[in-house]
Amino acid sequence: MRPGCCGDAWENMKSCLTYLGLLALVALVVAGIVLVPAYGILRHAKITVEDASLTRFALVKTPVTLIAYNLTLKLEIHNPNWAIGIKYDEPLVASYNFDGQPLDRVQVAGKGGKVGARRTAVYRVGSSSAGAGATLGSAGEAWFREQNATGVFEVAARLTGKFKYTARYTKCELVATCPLKLRLTPPGTMGVAGFERVTCTLDKAKKYC
Ligand SMILES: *[C@@H]1O[C@H](CO)[C@@H](O)[C@H](O)[C@H]1NC(C)=O
Ligand SMILES: *[C@@H]1O[C@H](CO)[C@@H](O)[C@H](O)[C@H]1NC(C)=O
């Protein structure tokens, strides 16, 4: 027996195992650093109204007082996640509101629409009504005249829909509110009137969303 030989072999094996163990640990830590933020942490979408054009916003007197309007919005939905996509599980709908009265509901994107990881989806949403919109009472009419005098109308846009994140089962609700100040402009002048980008406020997401 030459203890030196076996002892060396054992020592070699031990340092080899230690080395492998360290390597595995480093790999785990690196995987954690990369994968947890990429797949484990959800970041909420950012929704902005980049541009808007309001070419008509007028009172129409039928027996009741209605608003006739033509409105187009350029809407952006940004998905900030590194590796997780968003897919609409129900159509994404925008509804407009003037003085608490609903004006219209328009589809922004259909069911199955997607916003990939780190992508921004751009939607151009047009709607017009010859007077089927809000029914204003006398207070609403006074509010209209006041804003009409300044040429700027306050219209709230509300986005609603349902979506899922890639590889997740939870159906998440999307509710965002975008307070808009719209200046009446001649037709075909989108972007000229100096519309300031509006960041929409997201309702608090439920668990796992
Ligand atoms: C408003 O929209 C209607 C229908 O799309 C169109 O016929 C009309 O010319 C538009 N008016 C203005 C002022 O943009
Ligand atoms: C709104 O303003 C426009 C232009 O200033 C004016 O022609 C129109 O009569 C006003 N409408 C109402 C209902 O006050």
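This is a predicted model: local features need pLDDT of at least 70, side-chain atom pairs count only at pLDDT 80 or more; totals for chains, interfaces and linings use all residues.
Local features require pLDDT of at least 70 and side-chain atom pairs count only at pLDDT 80 or more, while totals for chains, interfaces and linings use all residues. Residues are numbered from 1 along each chain as its sequence is written, chains are lettered from A and ligands numbered from 1 in the order in which they are written, and side-chain values use heavy atoms, with hydrogens and water left out.

Thr-55, Arg-56, Asn-70, Ser-128 and Pro-187 surround ligand 1, a residue being near a molecule if one of its heavy atoms lies within 4 Å of it. By class, this shell comprises one nonpolar, three polar and one charged residue; Pro is among the residue types counted as nonpolar, Arg among those counted as charged. An oxygen atom of ligand 1 lies 2.3 Å from a side-chain N or O atom of Asn-70. For the side chain of Thr-55, the corresponding distance is 2.8 Å, and for that of Ser-128 it is 3.4 Å. Of the 360 Å² of accessible area that ligand 1 has on its own, the protein covers 42% (Shrake-Rupley method, 1.4 Å probe).

Glu-50 belongs to strand β1, residues 46-61 (a DSSP run of E, at least two residues). Glu-50 counts as buried because its relative accessibility is 19%, the limit being under 20% with a 1.4 Å probe and protein chains only. Beyond its neighbours within four places in sequence, Glu-50 is in contact with Lys-74, Glu-76, Phe-195 and Arg-197 (heavy atoms within 4.5 Å).

Definitions and conventions. A polar contact is a pair of N or O atoms within 3.5 Å; within protein, one must be able to donate a hydrogen and the other to accept it, and residues adjacent in sequence count only if both atoms are side-chain atoms. Helices (H or I, at least four residues) and strands (E, at least two) are DSSP runs, numbered from the N terminus. Buried means under 20% relative accessible area, exposed over 50%, partly exposed in between (1.4 Å probe, protein chains only).
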